[in-house]
Amino acid sequence: MTHGLYSKSMSPAEKEVWDTIPLDALDDEIRMCRIWLARVGAQDYEIGQNPHDPKDMTGFELTEIRRTTGGGKSSTDAVSKRPDLWARKDRLLGRLAQLVKTRAELIAAKAAHGDGDGMPLPWVD
């Protein structure tokens with residue numbers, strides 16, 4: 001965990017819950033999908049507290065920076081939008097389902113046929 005690909009991009013709170021996330025599925029990828037789902041859920045909740053207040057910028061992400069020049073003047077405009085959280089949830093749930101299915105198939109294949117050399121499979125054991 002401390003030297004893994006994901007450990008550098010996780011918040012302290014995510015690192016704290018890492019070992020408590022259930023693994024019904026394929027290993028670190030499943031854990032990260034669940035963390036990302038939790039992030040989306042938290043963001044959805046925060047936005048839902050005041051979704052129509054034009055002064056509340058909760059959840060907005062910078063999507064575009066426009067720089068214009070003309071007549072000796074220049075200006076910069078920043079465009080921010082709230083993300084499509086339903087689409088994010090949908091993609092993550094689909095990915096999570098695929099990982100769970102794949103891991104189940106790997107476990108079934110190992111049970112039925114073994115791995116050939118008697119060594120444990122790292123993504124299953």
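How many residues lie between β1 and β2 in the hairpin that they form? There are two residues between these strands, and G71 in the turn has a positive phi of about 60°. The model described here is predicted.

- Strand β1 covers residues 61-70, strand β2 covers residues 73-81, and the two pair in the antiparallel sense over nine bridges.

**Helix α3**

- Helix α3 runs through residues 85-113 and contains 29 residues.
- At the start of α3, the backbone nitrogen of W86 has a side-chain oxygen of D84 within 3.3 Å.
- The buried residues of this helix are L85, K89, L92, L96, L99 and R103.
- Helix α2 (28-48) is included in what covers these buried residues of α3.

**The ring of W86**

- K89 is one of the buried residues of α3, and its charged end sits over the ring of W86, 4.3 Å from the ring centre.
- The structure as a whole holds zero aromatic pairs.

**Residue S9**

- S9 belongs to the segment before α1 (12-17).
- The relative accessible area of S9 is 48%, and therefore this residue is classed as partly exposed, a class that lies between buried (under 20%) and exposed (over 50%).
- Leaving aside residues up to four places away in sequence, S9 touches E14 and R39.

How values were computed: Residues are numbered from 1 along each chain as its sequence is written. This is a predicted model: local features need pLDDT of at least 70, side-chain atom pairs count only at pLDDT 80 or more; totals for chains, interfaces and linings use all residues. Side-chain values use heavy atoms; hydrogens and water are left out. Two strands pair if DSSP finds at least two bridges between them. Helices (H or I, at least four residues) and strands (E, at least two) are DSSP runs, numbered from the N terminus. The expected span of a helix is 1.5 Å times one less than its number of residues. Buried means under 20% relative accessible area, exposed over 50%, partly exposed in between (1.4 Å probe, protein chains only). Contact means heavy atoms within 4.5 Å. A polar contact is a pair of N or O atoms within 3.5 Å; within protein, one must be able to donate a hydrogen and the other to accept it, and residues adjacent in sequence count only if both atoms are side-chain atoms. Rings of Phe, Tyr and Trp (its six-membered ring) pair if their centres lie within 6.5 Å; planes under 30 degrees apart count as stacked, over 60 as edge-to-face and the rest as tilted. A charge sits over a ring if NZ of Lys or CZ of Arg is within 6 Å of the ring centre and within 35 degrees of the ring normal.
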